[in-house]
Amino acid sequence: SDDLQLRRWDGAATHRLNAAQFEDVTGRTINEDLVASLPVLMSRCAYEASTNPTIEGMIDTHAIDIIGPDGPQLQVLPADPDRLSNNKSLQDKFAEYASAAEEVLKDWFKMPDLNGELSGVDILSMDIHQQWTTGNSVVQVVEDDTISSRRSIHLRWNPIHAERVFNNRLYSTGDGKRITLGMERTKSGKRTKYHVLDIDAFGGFSASQNYERIDAAYIIHRFRSREPGQICGVPMLASALPTIADIRQFDKLTMEAAKLGATFGIVFEDKFNDSPQKGPRRAGGVVGAVKTGLAQILHAPKGKSVTQVKPEHPTNNYVEYRSERWRDVGRASQMPLMMVRLGSENHSFASARFDAMIYQRGIRRDQAHILRKYSPSLMDVLREAELAGMIPMRPCQVEIGAIFTRLPHVDPQKEARARQMDLETMSCSLIDIWAEDGMRPQEMVTKLKQTVNSLNQVQDGLGAAWLLNNMKKTNPAVIDMFDAQQASSETQPALAV
């Protein structure tokens, strides 16, 4: 009955008031809709990203925030840190291996592109751009046979435009296999082959009929999965396309109205109902223009008054309306309005900091996803370097880590005070702060040693005094405990960093 239906979900009822609102609801899975809609979405999102300056800048800002200006600092970490804790010999071997391995990764990441044109930062930045415009990032892992040196890394990355794969909608091969959006999959949905369209001499592939089958083991395919079993991604701009179209249409109509209102519009109004009409009569009974001097000025005839049309556009809520619509566009990536529009003049410190905190959580999620997708290929780089004798064999199981550049603070002084409180309460360590700022703990320890040694050259003991003074500022309780231990000791131990 109607009463029973209302006790549950009124949104599940279909009546004359909401029938038109839900007439396009099909109940199909995302994979079924992607087969028909993904090629159209990719072309439209790519169009907006290349013709709309706000969209283009927003995507570029997002890529810089995630990847950083110089890219992540790749780290080699032990897979089981507890195994190293009580083994000094293993610690020394791992430290030697990690130092050499990180140097190899750093040098290789400068130019991992197969054609020698793109750095690792460029490839990861294109990954972010493809997430917005195509919903998928595809990188092929290949071996460069042109490298002759045996003591060089032959593994390379070859970025592939997503439309070369996912424009292939649904067809069958000669052996009876079904291809969905350019991918061969098992019954459980695991991808086995990617069908990549060939490119012509001009770099085009829209008219290509030939393709290359690439094993999925050599493809790095990254996308945001929204539903279980989803086979590929959806462009991040897809849900914002209607909003972007509304903004464009609103701006166009507002500009046309402003132009009409800003022109020298003249309205003739009769002051008396029986005022005579003199001069040449035009359409509508309006008297024509009379030249006086160098300018052509309209003169009202006898008995008429002249009124100029006042421009009323843009309206008072024009900026407010556009801001609210642009806020919807950036919501897909948790990007606040001040970063979408690149303007924070109307934001307070509290609101800007809160919006930035939510945005940074999304940034860290994307960074972790990038590391998970690309780390297996980076592990292959280390294996090749070991077999080539470029670095020693790993003494234990290792994993790849990355330190990304932290976004700048809204108020550096308040953030610094918050860090000092964290150190005083021991809610975080100095190593955690270094990692958040994108600095390697090993490098910072080395720099501290160099600073202490340099100050000791000026005056013996100056370096230790400087270090103790900084430690006392952050956590006086630690220094008091240290002084108590020193007083109870018969000998004065030397301070070592």
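Let's start with helix H3, which covers residues 53-67: its 15 residues reach 21 Å from the first C-alpha to the last, close to the 21 Å expected at 1.5 Å a residue. (Helices here are DSSP runs of H or I with at least four residues, strands are DSSP runs of E with at least two, and both are numbered from the N terminus; the expected span of a helix is 1.5 Å times one less than its number of residues.) Before going on, note that this is a predicted model, where local features need pLDDT of at least 70 and side-chain atom pairs count only at pLDDT 80 or more, while totals for chains, interfaces and linings use all residues. Residues are numbered from 1 along each chain as its sequence is written, and side-chain values use heavy atoms, leaving out hydrogens and water.

Back to H3. Its buried residues are Thr54, Ile55, Met58, Ile59, Thr61, His62, Ala63, Asp65, Ile66 and Ile67, where buried means under 20% relative accessible area, exposed means over 50%, and partly exposed is in between, using a 1.4 Å probe and protein chains only. The cover over them includes helix H2 (30-51), H6, helix H8 (241-262), helix H9 (318-330), helix H10 (337-340) and H11.

Now step back to the chain. It has 16 helices and 14 strands, and 36% of its 497 residues count as buried. Take the contacts (heavy atoms within 4.5 Å) between residues at least 6 apart in sequence: 66% of them join residues at least 24 apart.

In soluble globular proteins, nonpolar side chains tend to be buried together. Here the largest nonpolar core has 81 residues, and those with the most contacts inside it are Ile55, Trp157, Phe166, Leu237 and Leu382. The largest share of this core, 11 residues, comes from helix H11, residues 349-387. (A nonpolar core is a set of buried Ala, Val, Leu, Ile, Met, Phe, Trp, Tyr and Cys residues joined through side-chain atoms within 4.5 Å.) If you look around Leu382, leaving aside residues up to four places away in sequence, you'll find that it touches Val76, Tyr97, Ala101, Leu105, Ile391, Arg394 and Ile400.

At 1.5 Å a residue, its 39 residues should span 57 Å, and its end C-alpha atoms are 54 Å apart, which agrees. Still, there is a kink of about 40 degrees at Ser375, shortly before the proline Pro376; the bend at a residue is the angle between axes fitted to the seven residues ending there and the seven starting there. Just after H11, Gly389 takes a positive phi of about 80 degrees.

Next, look at what H11 lies across: strands S2, S3 and S9, with the helix running at about 170 degrees to S9. (Axes are lines fitted to C-alpha atoms, for helices over the stretch in contact, and angles run from 0 to 180 degrees between N-to-C directions.) These three strands form an open, antiparallel sheet in the order S3-S2-S9. S3 (155-160) and S9 (219-222) stand at the edges with a single partner strand each, so one side of each is left without a neighbour in the sheet. From one strand to the next, the twist averages 25 degrees.

Six of the seven residues of S2 are buried, so S2 is largely enclosed by the rest of the structure. Two strands pair if DSSP finds at least two bridges between them; S2 (residues 137-143) has four bridges to S9 and six to S3. You can see both sides at Val138, which stands opposite His221 in S9 and has Ile160 as its bridge partner in S3. Val139, in turn, is bridged to Ile220 in S9.

Pro112 sits between helix H5 (88-109) and helix H6 (120-133). Is Pro112 buried or exposed? It is buried, with a relative accessible area of 0%. Not counting residues up to four places away in sequence, Pro112 touches Leu118, Ser119, Gly120, Ile123, Arg156 and Trp157. Pro112 and Trp157 are 45 residues apart in sequence, yet 5.8 Å apart in space, C-alpha to C-alpha.

Finally, here are two partly exposed spots. Val40, in helix H2, counts as partly exposed at 31% relative accessibility. Glu424, in helix H12 (residues 412-424), is also partly exposed, with a relative accessible area of 31%.
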